[in-house]
Amino acid sequence: VQLVESGGGLVQAGGSLRLSCAASGSTFSISTMGWYRQAPGKQREFITTITSRGESTHYADSVKGRFTISRDNAKNTMYLQMNSLKPEDTAVYYCNAMVVYGLGSTEAYWGQGTQVTVSS
């Protein structure tokens, strides 16, 4: 499975961005997907996840009410709509996909990341 993020960039505080994560390869085996971010000097942190058919989502408190995750399995693409952006949202944003293999084993895949910079 390969994951490619896009949509990052520079935006003013209060603005919006929409990130995309395109999956290729054995996409039929992808289960839960999610977004994480890493700011300079900080550890990578969880933002949000979405289950395989989009029936359930989870958000970090820091983005709840501002960010929305979605996925289009027909296009093998996941999205992150980010509204009301704040300077503290500045980070490299990573796409994550959990791949399920036989006998219940799983493996996490990551994209290369896309930079989001929010100016004050």
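The legends below describe close-up views of a predicted model.

View 1. Cys 21 and Cys 95 form the link, with their sulfur atoms 1.9 Å apart. The count of disulfides in the structure comes to one. The angle about the S-S bond is -65°, and the link of Cys 21 and Cys 95 is left-handed.

**View 2. The largest nonpolar core has 29 residues.** Those with the most contacts inside this core are Leu 3, Met 33, Trp 35, Met 82 and Tyr 93. Several strands each supply at least two residues: β3 (17-24), β4 (30-38), β5 (45-50), β7 (67-72), β8 (77-82), β9 and β11 (114-119). Strand β9 gives the largest share, five residues.

**View 3. Strands β9 and β10 form a hairpin.** Strand β9 covers residues 91-100, and strand β10 covers residues 106-110. The two pair in the antiparallel sense, over five bridges. Val 100 stands opposite Thr 106 in β10. Five residues lie between the strands. In the turn, Leu 103 has a positive phi of about 60°.

**View 4. Tyr 36, Phe 46 and Trp 110 form one aromatic cluster.** The structure holds two aromatic pairs. In the pair of Tyr 36 and Phe 46, the ring centres are 5.9 Å apart. The planes of these two rings stand at 70°, so the pair is edge-to-face. Tyr 36 belongs to strand β4 and Phe 46 to strand β5, 10 residues apart. Phe 46 has 32% relative accessibility, so this residue counts as partly exposed.

The pair of Tyr 36 and Trp 110 has its ring centres 5.0 Å apart. Here the planes also meet at 70°, so this pair too is edge-to-face. Tyr 36 in strand β4 and Trp 110 in strand β10 are 74 residues apart, and their pair links distant parts of the chain. With a relative accessible area of 38%, Trp 110 is partly exposed.

**View 5. Two arginines sit over aromatic rings, Arg 18 at Tyr 79 and Arg 44 at Trp 110.** Arg 18 lies over the face of Tyr 79, 4.0 Å from the ring centre. The charged end of Arg 44 sits over the ring of Trp 110, at 4.6 Å from its centre. Trp 110 is also a member of the aromatic cluster with Tyr 36 and Phe 46.

**View 6. Leu 10 is an exposed residue in strand β2.** Strand β2 spans residues 9-12. The relative accessibility of Leu 10 is 65%, and the cut-off for exposed is over 50%, so the residue counts as exposed. Leaving aside neighbours within four places in sequence, Leu 10 is in contact with Thr 117 and Ser 119. Leu 10 and Asn 96 are 86 residues apart in sequence. Their C-alpha atoms are 22 Å apart in space.

How values were computed. Residues are numbered from 1 along each chain as its sequence is written. This is a predicted model: local features need pLDDT of at least 70, side-chain atom pairs count only at pLDDT 80 or more; totals for chains, interfaces and linings use all residues. Side-chain values use heavy atoms; hydrogens and water are left out. Helices (H or I, at least four residues) and strands (E, at least two) are DSSP runs, numbered from the N terminus. Buried means under 20% relative accessible area, exposed over 50%, partly exposed in between (1.4 Å probe, protein chains only). Contact means heavy atoms within 4.5 Å. Two strands pair if DSSP finds at least two bridges between them. A nonpolar core is a set of buried Ala, Val, Leu, Ile, Met, Phe, Trp, Tyr and Cys residues joined through side-chain atoms within 4.5 Å. Rings of Phe, Tyr and Trp (its six-membered ring) pair if their centres lie within 6.5 Å; planes under 30 degrees apart count as stacked, over 60 as edge-to-face and the rest as tilted. A charge sits over a ring if NZ of Lys or CZ of Arg is within 6 Å of the ring centre and within 35 degrees of the ring normal. A disulfide is a pair of cysteine sulfur atoms within 2.5 Å.
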